[in-house]
Amino acid sequence: MRTNGSHDTKDTAMPPAFTSAAETNENAPTLAAQVYQQLRDDIITGRLAPGARLVRRTLAKRFNVSVIPILEALLRLENDGLVDYEEKMGARVTIITPEMLETHRVMRESLEIHMARLFAVAPTKSSKEILLEKAVLVDKYHDFLPGGDYDNIKEFFRVHYDFHLAIPMLAGYPGIVQEMRKVWFRRFMFFSNINVIDTPATGDHHYKLAKKLTAGNPDRAGEAMRLHLGYNVEHYRQAVQYFLSSKDERWRKQLFLIDEDEETSE
């Protein structure tokens, strides 16, 4: 539901990237929130591999907390689509599959194309400036991606995520942001693990997209977003197939989470 009937979001506070509205409002995050945020970042940046077991007792030791905050964090991660539960095996980082990629593509198109159209209905001067500024920052950070530095990759994820989630927020649909967060977390996990950098065709790829969205033509905005989301999709499908065919047992072992003596116990 839109927050109001107008499109003026000049005073809308943009929540920090990788942070939900609930987390933003927490003056002192709970233990469960702290565990959730750390595990989430580990998963979406590839520090925790798909299929890795998340043993509750081992996690409790790592974070020096009881099992209760661990359970709460794992439930939130499951809700984000980053963790699955298997019978008799417990929690695991979600496995990447071709089906997951296709589901992600459909969900992302459904949300982002529609939001692009709604944003373009009546963008304010303020919302245009904010989106264009964020677009410039995303394009800038593409220059820092080569080399696979963890901090650079995480920062690129942050500004890229911030740009795309700003569209529904500025359009007046903050409720959609929460659903898009889940899609983007899975997207980050996908790129981190299959080692594909989402490099645009030109250095000003996002700026050109933002210009189309801020021009005030919903049809052209929707088409521009459709083309943006479709960039290199086939390449990503091939990368997933290669990733799945080349993985070995090390792919499932996480040194600080897997204790081989505990693999059959929770």
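Trainee: What average pLDDT does the protein chain have, and what share of residues scores at least 70?

Mentor: The average is 78, and 69% of the residues score at least 70. pLDDT is the predictor's confidence in each residue, from 0 to 100. This is a predicted model, so local features need pLDDT of at least 70 and side-chain atom pairs count only at pLDDT 80 or more, while totals for chains, interfaces and linings use all residues. Residues are numbered from 1 along each chain as its sequence is written, and side-chain values use heavy atoms, with hydrogens and water left out.

Trainee: Where is the pLDDT under 50?

Mentor: Residues 248-266 stay under 50, and the model has 49 contacts beyond four places in sequence for them. Contact here means heavy atoms within 4.5 Å.

Trainee: OK, the fold. How many helices and strands?

Mentor: The protein chain has eleven helices and two strands. Along the sequence the pattern reads α-α-α-α-β-β-α-α-α-α-α-α-α. Both kinds of element are DSSP runs numbered from the N terminus: helices are H or I with at least four residues, strands are E with at least two.

Trainee: And what share of the residues is buried?

Mentor: Of 266 residues, 49% count as buried. Buried means under 20% relative accessible area, exposed over 50%, and partly exposed in between, with a 1.4 Å probe and protein chains only. The chain exposes about 13200 Å², and carbon and sulfur atoms supply 52% of that. Those areas come from the Shrake-Rupley method with a 1.4 Å probe; for residues, only the protein chains shown count as cover.

Trainee: Which residues have the most contacts inside the largest nonpolar core?

Mentor: Leu131 and Leu213, in a core of 64 residues. Helix H7 (residues 150-171) gives the most to this core, with eleven residues. A nonpolar core is a set of buried Ala, Val, Leu, Ile, Met, Phe, Trp, Tyr and Cys residues joined through side-chain atoms within 4.5 Å.

Trainee: What does Leu131 touch?

Mentor: Leaving aside neighbours within four places in sequence, Leu131 is in contact with Phe119, Phe163, Ala166, Ile167, Leu170, Ala210, Leu213 and Thr214.

Trainee: Thr214 is on that list. Where is Thr214 placed?

Mentor: Thr214 is in the loop between helix H9 (205-213) and helix H10 (218-229). Thr214 counts as buried because its relative accessibility is 7%. Beyond four places in sequence, Thr214 is in contact with Phe119, Pro123, Lys128, Leu131 and Leu132.

Trainee: And Pro123, which loop is that in?

Mentor: Pro123 is in the loop between H5 and helix H6 (125-141). At 16% relative accessibility, Pro123 counts as buried. The C-alpha atoms of Pro123 and Ala215 are 8.2 Å apart, while the two residues are 92 apart in sequence.

Trainee: Switching to charges. How many salt bridges are there?

Mentor: The count comes to eleven. A salt bridge is a side-chain nitrogen of Lys or Arg within 4 Å of a carboxyl oxygen of Asp or Glu.

Trainee: Glu112 and Arg108, buried or exposed?

Mentor: Both are buried. Glu112 forms a salt bridge with Arg108, with the closest N and O atoms 2.8 Å apart. They are four residues apart in helix H5, so about one helical turn separates them.

Trainee: What about Asp204, which residue does it pair with?

Mentor: Asp204 forms a salt bridge with Lys208, where the closest N and O atoms are 3.7 Å apart. Asp204 is partly exposed at 32% relative accessible area, and Lys208 is partly exposed at 45%. Elsewhere, salt bridges that share partners join Glu102, Arg105 and Glu109 into one network.

Trainee: Last topic, rings. How many aromatic pairs?

Mentor: Three. Rings of Phe, Tyr and Trp (its six-membered ring) pair if their centres lie within 6.5 Å; planes under 30 degrees apart count as stacked, over 60 as edge-to-face and the rest as tilted. Tyr161 and Phe188 have ring centres 6.0 Å apart and planes at 45 degrees, so that pair is tilted.

Trainee: Which helices hold Tyr161 and Phe188?

Mentor: Tyr161 lies in helix H7 and Phe188 in helix H8 (residues 174-194), so the pair ties together parts that are 27 residues apart in sequence. The rings of Trp184 and Phe188 have centres 5.4 Å apart and planes at 65 degrees, so this pair is edge-to-face. Tyr161, Trp184, Phe185 and Phe188 form one aromatic cluster.
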